[in-house]
Amino acid sequence: MPEPVPAAKPEGEAPEEPVGEELPPADGEPGSTELTGLFVEKPPENVVAFTGSDITFVAKVDSSTLTRKPAMKWLKGKWMDLGSKAGKHFQFKETYDRNTKIYTYEMKIIKVVPGDAGGYRCEVTAKDKCDSSTFEISVEAAQQEEKEDILSAFKRADAGEDEGDLDFSALLKKPEKEEPDIDVWELLKNAHPSEYEKIAFKYGITDLRGMLKRLKKMKVEPKHSEAFLKKLESCYSVEKGKKIVLRCEVVDPDVQVKWLKNGQEIKPSAKYTLKSMRTHTRTHTHTHTHIIDKCFTEVFVKEPPVTITKLMDDYHVVVGERVEFEIEVSEEGAHVMWFFEDQELHKDKDMKYRFKKDGKKHMLIIQEATLDDIGMYHAWTNGGHTKGELEVEEKQLEVLQDIADLTVKATDQAVFKCEVSDDKVTGKWFKDGVEVLPSDRIKMTHVGRFHRLIIDNVKPEDAGDYTFIPDGYALSLSAKLNFLEPPKIHLDTTGNMVSQNTIIVVAGNKLRLDVEITGEPAPTVVWSKGDKPITETEGRIRVESRKDLSSFVIEGAERDDEGNYTICVTNPAGEDKAVLFIKIVDVPDPPEHVKCTSVGEDCATIVWEAPKFDGGAPVKGYLMERKKKGSSRWTKLNFDVYPSTTYEAKRMIEGILYEMRVFAVNSIGMSQPSLNSKPFMPIAPTSEPTRLTVHDVTDSTCSLKWLAPERIGAGGLDGYVIEYCKEGGDKTRHYAYNIICNKNLIPLPWVVANQELCERQGFVVRGLPVGEKINFRVVAVNVAGRSPPALLSQPVTIREIVEHPKIRLPRELRTKYIRRVGEKINLVVPFQGKPRPVASWYKDGQPIDPKMVNVRNSNVDTILFIRSAEREHSGKYELVLQIENLEDRATIEIRVVEKPGPPVNVRVTDVWGFNAALEWEPPKDDGNCEVTGYTIQKADMKTKEWFTVYEHNRRTNCTASDLIMGNEYMFRVYSENLCGLSEEPRLSKNTAVIAKTGATLSNPYKEKDMNCMPKFTQPLVDRSVVAGYSTAISCSVRGFPKPKIIWMKNRMIIGEDPKYLMQNNQGVLTLNIRKPSTFDGGKYSCMAVNELGQDEVECKLDVRGTSKGEQGWGLEMGGRGRDKGRCYRCSKLNIDWVYHDSIKY
C-alpha cells in the first residue's frame, strides 16, 4: 500500500501519518481526567521567531503507564484548536517509538507571520489522566542575513567521508518555477458567489464565514428597493446539519412572495417551511432569488475537514484488465476529487473512467487498462490526500485453466486438462521428465484452447508427475496422478491392551497411543470421545499427527478421562474406524464414616463404610491406625490387609482419648487416610452403688439415699437411674413378674423413676400407689453404660408414718450467739417431723418483725437471716415447731456487740521519783459486752510520740514507771472488749512532771538546737535472694523535725502495694517484700525529706529463680488451716499438712 504524502493541493488537509512508525490504536476519550506529569519533553516557554522563517515545536509523552493511546491537541489562546487549521501554514506530525514507548508530537509553522504571535498550549489526555504545557511566541521582523562565503553554499553536508567537498550538482538541476502569490481577497471580491465554495476548497480557507462578513463590509451598499423594507443579508453561513432562518420584510403585506433556489421555485415541504407574518421566513441552504423585485443572498454550509481513513493501493495489471482504485473517507457524501498525475478526472470528459460512491467508500474504475494509463493517481479531499501507482504490462500467454492433480482407483480413466489464452499454441506432455507418447491406453487431444491427456484403465505404474509444456513459451503446467488406496487403521494389541481394544492406565501416568495409518491419499484422522471430537494439538489431552502415524496423548491421566474413544480415518477411497476403551485405575477413595460403636476397659469396636470409588480395581482390604488425641504420632494396628469393615482395637489404656483412621488398599496402592473418627475413650461401667437405704416414706412418695460406687474408673460417673416395680417380680432381671388367676406369668418391666440422670446421691420417687409394696433399685451410669443395680433387701410399703416434731439445735446455738455490728446473721436450724411441721419464730415473747428479720422455712429446716446486724437485734429468739397438737420449742440468745467507748475521768493521782499513778473510770458504753481490759500509753511533751505502757490491763488504775527525770508526760487510755480497742482514747486531765534532784548548775541551762536535715547513719546493702522467700532491706536515718520517708523501686514510688510492708521504728527503716519473684528485682532507694533538706540511699536487689537442687524441703501453701499442697523436693500432690505459726511436713 502506498504511503501517505504531504498535501500539495488544498490547505486544511489532515496531518500526514508518520513514515516508518506504527501507532497503537486510539481508544475513546476518557470521561474524567486528573492532572499528571505525562510530558517527557515540553516546548520552550518563550520563543522568538522571525517573519518568514519556519519554526517547529516538539512535545514528547511517555505512554509506559497508560492503557490507551494519548490524544494531543495544539491550541492557540484559550480555545482555538489549531488542528482544524492544518495545511500549508500549520503542519502536525506524530511518531511512536515502540522500544521506549514514547510518542513524539511536532507542530511546524511555515513562514511565520506577525499574526502568529501569542500564547499557545499543547494538551494531552489519556483516559483518566491529562497534562498540558503553555508557551509564548514572539514575532520580530526578519534580520538582514550576513554575507557568507559563496563557496560554503556548495559544500557537502552529512556525506560521510565526502563531507566538506564542493558539490555543484544543484546548478545542473532545472530551476523550479515559483508560483506567484495569489491574493484570495481579490479572488473572492471578483468571483461570483457560486464560486466561493470552490475557492475556499482550493485555497484551504477554513474561516469562510468570517471572510464573507469582512467582504460584505468592503462591498458597496445596494440601492434602496421600493418593494422591500428589509432585504436578505448578503450571505449566510451555517454548519452542516444545522437550521438556518432567512428573513426579509416587504412593503405590501398582500403581495405575492416567491422563494427560489438556484432559479427553481421552492415548495413547502418537511424540509422547507414558508411563513408570512409580515416577516417571511425560510429554512434551507443555498442561493435564493425573489422575482419581480429581487433580493439575493448566499448560504454557505460549513463542513468539517474530510479525512481519508483508508489509503489507495498500488495496482499491477496487464493490458485489458479492470482496475479499481478504492478509498474510504471519514464522512458519507464527502466531495472527492480524482487526479491522474496533474490532471483532474471528470466523468463527462473522460468516458473511460467511472466514479462510484458507496457510503464512505469512493472508487475510481478503469474498465480496460492500457499502456497509456500507467502513472500516479491521486485522490483529494478538503482534509486529506492519498495516491496510488498503476503499472500495466503487455499481455502474455495466460493459463486460463491449470492442470489439476488426479486421484483415481484401479481401472478408472484419468484425464488431465488445461486451457491457455492462445488457441494456436501446441505443446508436449511429460511424465516424470520423460515425454509421453500416445498408445492404446494413452491419448492426447488439442481442441481450440484446450489440451487433454487421457489415460484409460489406470494402473499403479501410471502414478507420477505429469507436465504440459507449450511450444515457444518458457512455461510449464504440472500435476500429479495419485493412485487411490482405501484408508486402514493398524492397531497394536500388545502392551497396555488387557483385552480387545481396552487400555488400562494408572491415574497420574502418561498415555501415548501411536496408531499406524495407511491409505492413498493420506487419510484425514479424527479422534473423538463420545460425540465430542478432540482437535487440540497442545495441552494435557492432545492429538499429534505425522506421516502414516497418529498419536493420542494424555498427560497425567485423571478419572474423568475414562471412556470410549473413537479414531476415524477417511479419504476419497473410503473410511475406517476403531473404538478404544481407556480405563483409568487409581488408588481407592478413603473409607467413610469411621466411628466407634462400643468400648470396653481396654478395647473399642470400630466400624466404617467402604469407599465410594474403588479406583477401578477391587478393594483388597484395609489398614488401621490410631493415636492419642492431641498427639501427631499414629500407630499401625495391622500390617496385613484386613478384609472386614469392623475391627476391634485392643491393648488401649482406660481413660485416654483415642482417634482412629482407616486406609483402603487395592492392587494399585493405598488410599488417602479417612477422616479421623470422633475421639473415644476405653472405659468400663462402674460398680453398683452402695448402702442403698430408705430415708423417708409418705402416702405417695419414697425418699431413697445411697453412696457412690466403690469403683468408678476412668469413665467417671454421669449419674444414677432409679427404677421400681411392684412386689412379685424377679429382682435380678430387667422385668418383674405378676401371677394372674390362670397361673401364667406376665413380665412387668421396671419403671424408670427419673427421666434425666440424677447426679445427687438421693432421690424422691413420686406418684406411688398407697399401701403397695414396691421394690427399688439404683443403677450408676457413665459413658460405658449401666452398672450392676443396687437393690433394697426387702420391698417398701408406701404409707406415711407420723413422727413427733423435734428441733435439732446446732451446738453453737445452744450458748450465747455473739455477732459484731454490721455482720450478717444466718441461723440454719434443722428439724424433723411428719407430716411437715409448722415453724414459727418469736423475739422476747413477741412475733418477729419481718421488716427487721427474714425467715425461710423448708421441709427439713428453718433459716433466720439478718443482712446487717444492729444492737437492737440483740435478745432471746424462740423457735416453735408444731404438728397438729404436738410441738417442740428451742430458745436462742443473740447478742450484737461493737467496740466500747473511751474510759471516763482519766487523771494522774500521784507522782514520786520516776513513777506516776493513774486512775480512771469504766466507759459509759461497754459495746454490749464485758470490758476485758485497758491499754495505757504515754508521750513526752517534747516529742509527743506515744509509747504503750500496759496492754490488757484489767484494773481501772495503774502505775507508770521508768519515767525520765526532767520530762513532762501526758497519758491516754483505750478501752478494750471482745471487738477490740475503742475508736478513740481518753487523755489524762493533768500531766506528770518528773522533777530533777541533786546539785544545780551555776550557769543557766541553754537548750541545744536539735534541728538538723535528714542523714542516713546506716545505708542500704545490696542483697541476693531466692524467689518465693520473703525478704527485707533496712537502713537507719536521723533528722529533726521527723523526716518523711519515701520508698522507691527503679525510681518509681512504691504506693499502697500489699506486697510491700514499710516500717519505721525509732529511725530504723525496714521494707519487707513478701515472696518476691524475678520481676521484683531491681534498684531500691529510700529518701528522707524534711523542711531542712533530704537524703537518699540506694541498693540493688537480685532475685534468683529456684531450681530443684535449691528448693530443699518446703510446701507450697495458700492459706491457714488444714489444706493440701505440693512438695518442693518430690513434687508430690495431695500432701496433707497442718500449719499455724510453724510449718510441719
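Rings of Phe, Tyr and Trp (its six-membered ring) count as a pair when their centres lie within 6.5 Å, with planes under 30 degrees apart called stacked, over 60 edge-to-face and the rest tilted. With that in hand, here are some notes on the model.

1. **Aromatic cluster and basis of the model.** Phe 57, Trp 74, Tyr 120 and Phe 135 form one aromatic cluster. Please keep in mind that this is a predicted model, in which local features need pLDDT of at least 70 and side-chain atom pairs count only at pLDDT 80 or more, while totals for chains, interfaces and linings use all residues. Residues are numbered from 1 along each chain as its sequence is written, and side-chain values use heavy atoms, with hydrogens and water left out.

2. **The chain as a whole.** The protein chain has 5 helices and 94 strands; these are DSSP runs numbered from the N terminus (helices H or I, at least four residues; strands E, at least two). Of its 1145 residues, 36% are buried, where buried means under 20% relative accessible area, exposed over 50% and partly exposed in between (1.4 Å probe, protein chains only). Taking contacts (heavy atoms within 4.5 Å) with a separation of 6 or more, 62% are between residues 24 or more positions apart. The accessible surface comes to about 70,000 Å², and carbon and sulfur atoms hold 49% of that; the areas come from the Shrake-Rupley method with a 1.4 Å probe, and for residues only the protein chains shown count as cover.

3. The structure holds 19 aromatic pairs. One of them is Tyr 724 with Phe 776, a tilted pair at 6.2 Å centre to centre and 45° between the planes. Tyr 724 sits in strand β56 (residues 719–726) and Phe 776 in strand β61 (residues 773–782), so the pair ties together parts that are 52 residues apart in sequence. Tyr 724 is buried, at 16% relative accessible area, and Phe 776 is buried too, at 1%.

4. **Strand β76.** β76 is mostly covered, with 8 of its 8 residues buried. Gly 933, Thr 935, Gln 937 and Ala 939 point one way from the strand, and Tyr 934, Ile 936, Lys 938 and Asp 940 the other way. β76 is joined to antiparallel strand β79 (residues 968–977) by 8 bridges, with Met 970 as the bridge partner of Ala 939; strands are taken to pair if DSSP finds at least two bridges between them. With strand β77 (residues 946–953), β76 pairs in the antiparallel sense over 5 bridges, and there Phe 947 is the bridge partner of Lys 938. β76 and β77 form a hairpin with 5 residues between them, and Lys 944 in the turn has a positive phi of about 55°.

5. **Strand β27.** In strand β27 (residues 375–381), 6 of the 7 residues are buried, so this strand is largely enclosed by the rest of the structure. Strand β23 (residues 337–340) runs antiparallel to β27 and is joined to it by 4 bridges, and Phe 339 stands opposite His 378. Strand β28 (residues 384–393) pairs with β27 in the antiparallel sense over 7 bridges; here Met 376 stands opposite Glu 389. A hairpin through 2 residues joins β27 to β28.

6. **Asp 373.** Asp 373 lies in the loop between β26 (361–366) and β27, and is buried at 2% relative accessibility. Leaving out residues up to four places away in sequence, Asp 373 touches Phe 340, Lys 352, Tyr 353, Ile 366, Glu 368 and Leu 390.

7. **Charges over a ring.** Both Lys 627 and Arg 661 lie over the face of Trp 634, at 5.3 Å and 4.1 Å from the ring centre respectively. The criterion is NZ of Lys or CZ of Arg within 6 Å of the ring centre and within 35 degrees of the ring normal.

8. **An open sheet.** Four strands form an open antiparallel sheet in the order β38-β41-β45-β44. Its edge strands, β38 (485–490) and β44 (541–546), each pair on one side only. β44 is joined to antiparallel strand β45 (residues 549–554) by 6 bridges, and Val 543 stands opposite Phe 552.
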